[in-house]
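Have the sequence and the 3D view open as you read.

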Amino acid sequence: MNNSQVAHIWANQSKTIAKGSNFFFNNESIYSYGYHFEVARLVQTEKKNKTIALLEPRTYSNSTNRHQSLARNAVHGLYESFDFQLWNRDLTHKDFLEAFNRFETLVIDSLKKSKRARKYTDWHIRNAVNAVEQWNKLKAYFPTLTKGIKKLKTLDQEQIDKLVESEKKKKAIEAKKNKAFIDKQIKMWLNHDINSLPHDSKTMIRQKVKRVITESGNAPEIRLLDEIETSRGASVPLDHAKLFFNAIKRFEKRPNDCNSRFRVGHFTLDKLTEKGAKIGCHLLEWKEINRFAKTMNW
């Protein structure tokens with residue numbers, strides 16, 4: 001099983017164990033190379049009413065970096081995630097105290113850098129804002145384990161207003177550039193010229209291929225496989241995908257009438273909406289579902 005698939009199955013908890021290349025999970029925890037390096041863990045908040053993902057911020061090697069990126073990608077859009085050092089099997093007050101110290105240091109360092117910086121001032125302020133929000137959310141989710149540890153203070157209103165105003169001006173320019181870039185990347189991905197898309201792109205679907213060298217010196221031959229894959233790295237058998245499409249297509253105009261949680265491969269439909277199908281961290285929009293189905297003559 002490829003490592004991207006391992007990460008997605010772990011995030012969806014559709015199996016209790018699975019293993020890829022030096023990357024595996026056992027129940028809620030996923031590891032790089034061995035149990036000595038826990039990449040991430042899915043945990044329940046103290047009230048048991050929410051699952052969040054704790055992501056190890058420390059790293060070990062380039063390959064472990066890739067494992068961490070796969071785990072982060074798999075929980076994107078599925079769970080709230082927090083950088084949190086995973087020292088112990090059971091979370092302790094000491095773990096949260098160390099997390100607080102790390103977030104507090106990040107806030108102080110970011111604000112210092114914002115005052116010195118000639119460029120990227122707002123970027124440093126944004127880092128400080130994110131650190132404050134992350135810690136205060138963690139404290140709210142684990143009130144017993146964080147008892148006696150203070151909340152972090154938010155920035156003053158003047159700094160926040162400055163950040164908001166600056167980002168408004170930048171977003172219009174960046175959005176236009178980003179759309180052109182993503183559109184180009186999507187076209188390349190659908191043509192099998194690249195194997196991944198930016199995180200902020202829509203989830204796309206294509207048929208998997210295998211490149212086979214037929215004769216020495218010739219370009220590899222591309223052969224279609226009986227599998228489909230998404231731009232977020234999940235894959236399912238082609239015949240499963242067709243059955244799934246036929247099952248949900250009749251609800252496109254009235255998604256609220258769908259009360260079934262149809263399965264597709266290792267994954268389960270969470271919900272149908274006017275936008276599309278929500279499956280774990282994936283939102284497959286109707287436009288993309290129908291585009292792919294048309295290419296397959298379904």
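This is a predicted model. Start with helix α6, residues 238-249, and helix α7, residues 286-295. Their axes lie 12 Å apart, and the two helices pack at an angle of about 130°. Angles over 145 degrees would count as roughly antiparallel, and 65 to 115 as roughly perpendicular. The α6 and α7 pair is therefore oblique. The crossing of α6 past α7 is left-handed.

Now look at the residues that touch. α6 brings F245, I248 and K249 to the contact. α7 brings W286, I289, N290 and A293. By class, the contact of α6 with α7 holds 5 nonpolar residues, 1 polar and 1 charged. Lys counts as charged, and K249 is the α6 residue of that kind in this contact.

Turn next to the other pair. Helix α1 covers residues 3-12, and helix α2 covers residues 62-75. Their axes come within 8 Å and cross at roughly 45°. That angle makes α1 oblique to α2. The α1 and α2 crossing is right-handed.

Which residues of α1 and α2 meet? From α1 come N3, S4, A7, H8, W10 and A11. From α2 come H67, L70, A71, N73, A74 and V75.

α6 and α7 are oblique, and α1 is oblique to α2. The handedness is left for α6 passing α7 and right for α1 with α2.

Conventions: Residues are numbered from 1 along each chain as its sequence is written. This is a predicted model: local features need pLDDT of at least 70, side-chain atom pairs count only at pLDDT 80 or more; totals for chains, interfaces and linings use all residues. Side-chain values use heavy atoms; hydrogens and water are left out. Axes are lines fitted to C-alpha atoms, for helices over the stretch in contact, and angles run from 0 to 180 degrees between N-to-C directions. Helices (H or I, at least four residues) and strands (E, at least two) are DSSP runs, numbered from the N terminus. Angles under 35 degrees count as roughly parallel, over 145 as roughly antiparallel, 65 to 115 as roughly perpendicular and the rest as oblique. A crossing is left-handed if the near helix is turned anticlockwise from the far one by less than a right angle, and right-handed if clockwise. Contact means heavy atoms within 4.5 Å.
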